[in-house]
Amino acid sequence: MAVWAIADLHLSFGVPNKEMDIFGANWKEHYNKIEANWRAKITEDDLVLIPGDISWGLKLEEAKPDLDWIDKLPGTKVLLRGNHDYWWSSLKQVAQILPPSLHVIQNNIFYWKNVCIGGSRLWDSWEYNFNKYIPYNENPASNKLTYQEKPDDPSQRDKIFERELIRLETSLKTLDQKADYRIAMTHYPPISADLKPSRASEILEEYNVNVCVFGHLHNVVHTHDPLFGTRNNVQYILTAADYLNFDPILLGGIAP
């Protein structure tokens, strides 16, 4: 058994007008790259974490082809909602359309063999930003966004973040402290790239999380300075698909 992670699949099999190659040549048919890399190393006995931005569908029926595509890939998968997962409504409604190999985290935990997983989406925070690592490019799809996709009112940012912190703690407080390995999934980064403490990182430490995987950051410039790492026994791993070159990353240190 092994545990892998890859975020920001941004699939659009149910809404083909949402192809990702408008964001750069590296995104052209990116799903084929993901599938090839996935099948090359992930087995049915493995676990794959997908922390957000899974499907461009706005409705459950539009996301269903993307979920079915993921289901056909090897392994057990655990999904977390991202900021672009507009199809994701209530846990009950999502659970009704989930294929058998997919599971979701929403105010709950998922236990798999000796591994216990929790988390929440989080949101933008005033505590840190990543402008140093991401060059600004105007969003080529900005004039095509629907009402539902337009950014939230900035004045609501703090309220949303506070609510997400509550959801993070609600999930993590039920982690099995006897599990051999405890994982948190967030969509937004829970800490700055240089690992300065944050309100989210304090929660992760309080509940003895071993590793936190997250995505959301795109077009990140690869520098000689390490991004993220380990702080107070919590390892932070950026797993955005384009950052990983569409190749799922293996989480180390998990005993079989």
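Contact here means heavy atoms within 4.5 Å. With that in hand, here are legends for a set of close-up views. The model is predicted, so local features need pLDDT of at least 70 and side-chain atom pairs count only at pLDDT 80 or more, while totals for chains, interfaces and linings use all residues. Residues are numbered from 1 along each chain as its sequence is written, and side-chain values use heavy atoms, with hydrogens and water left out.

**View 1. The whole protein, before we zoom in.** Five helices and 11 strands make up the inventory of the protein; helices (H or I, at least four residues) and strands (E, at least two) are DSSP runs, numbered from the N terminus. The radius of gyration is 17 Å, close to the 18 Å that the globule rule gives for 256 residues, so the protein is as compact as a globular protein of that length. That radius is taken over C-alpha atoms, and the globule rule is 2.2 Å times the number of residues to the power 0.38. Along its principal axes, the C-alpha trace spans about 45 × 40 × 40 Å. Of the 256 residues, 50% count as buried; buried means under 20% relative accessible area, exposed over 50%, and partly exposed in between (1.4 Å probe, protein chains only). Among contacts with a separation of 6 or more, 82% come from residues 24 or more positions apart.

View 2. Ile42 is buried, at a relative accessible area of 3%. Setting aside neighbours within four places in sequence, you will find Ile42 in contact with Trp4, Val48, Pro74 and Pro248. Leu250 is 208 residues from Ile42 along the chain, yet their C-alpha atoms are separated by 9.4 Å.

View 3. Helix H1 covers residues 30–41, and its 12 residues should span 16 Å at 1.5 Å a residue; the end C-alpha atoms are 17 Å apart, which agrees. The expected span is 1.5 Å times one less than the number of residues. The buried residues to look for in H1 are His30, Tyr31, Ile34 and Trp38. Seen down the axis of H1, these fall within an arc of 100°, so they line one face of the helix. The arc is that of the directions from the helix axis to the C-beta atoms. Packed against the buried residues of H1 are strand S2 (47–51), helix H2 (60–71) and strand S3 (76–80).

View 4. Gly82 sits in the loop between S3 and helix H3 (91–97). With 1% relative accessibility, Gly82 counts as buried. Apart from neighbours within four places in sequence, Gly82 has contacts with Gly52, Asp53, Arg121 and His187.

View 5. Glu162 and Arg199 form a salt bridge, with their closest N and O atoms 2.5 Å apart. Glu162 lies in helix H4 (residues 157–172) and Arg199 in helix H5 (residues 199–206), so the pair ties together parts that are 37 residues apart in sequence. A salt bridge is a side-chain nitrogen of Lys or Arg within 4 Å of a carboxyl oxygen of Asp or Glu. Both partners are partly exposed: Glu162 has a relative accessible area of 39% and Arg199 one of 23%.

**View 6. The buried face of helix H5.** Ala200, Ser201, Ile203 and Leu204 are the buried residues of H5. Viewed down the helix axis, they fall within an arc of 155°, so they line one face of H5. Their cover includes H4, strand S7 (181–185), strand S8 (211–214) and strand S10 (234–238). After H5 comes Asn208, whose phi is positive, near 55°.

**View 7. Further salt bridges.** The whole structure holds 10 salt bridges. One of them joins Asp158 and Arg157 (3.5 Å, N to O); Asp158 is partly exposed at 36% relative accessible area, and Arg157 is partly exposed at 30%. Another pairs Asp194 with Lys196 (3.9 Å, N to O). Here Asp194 is partly exposed at 47%, whereas Lys196 is exposed at 55%. Arg121, Glu164 and Arg167 are linked in a network of salt bridges.
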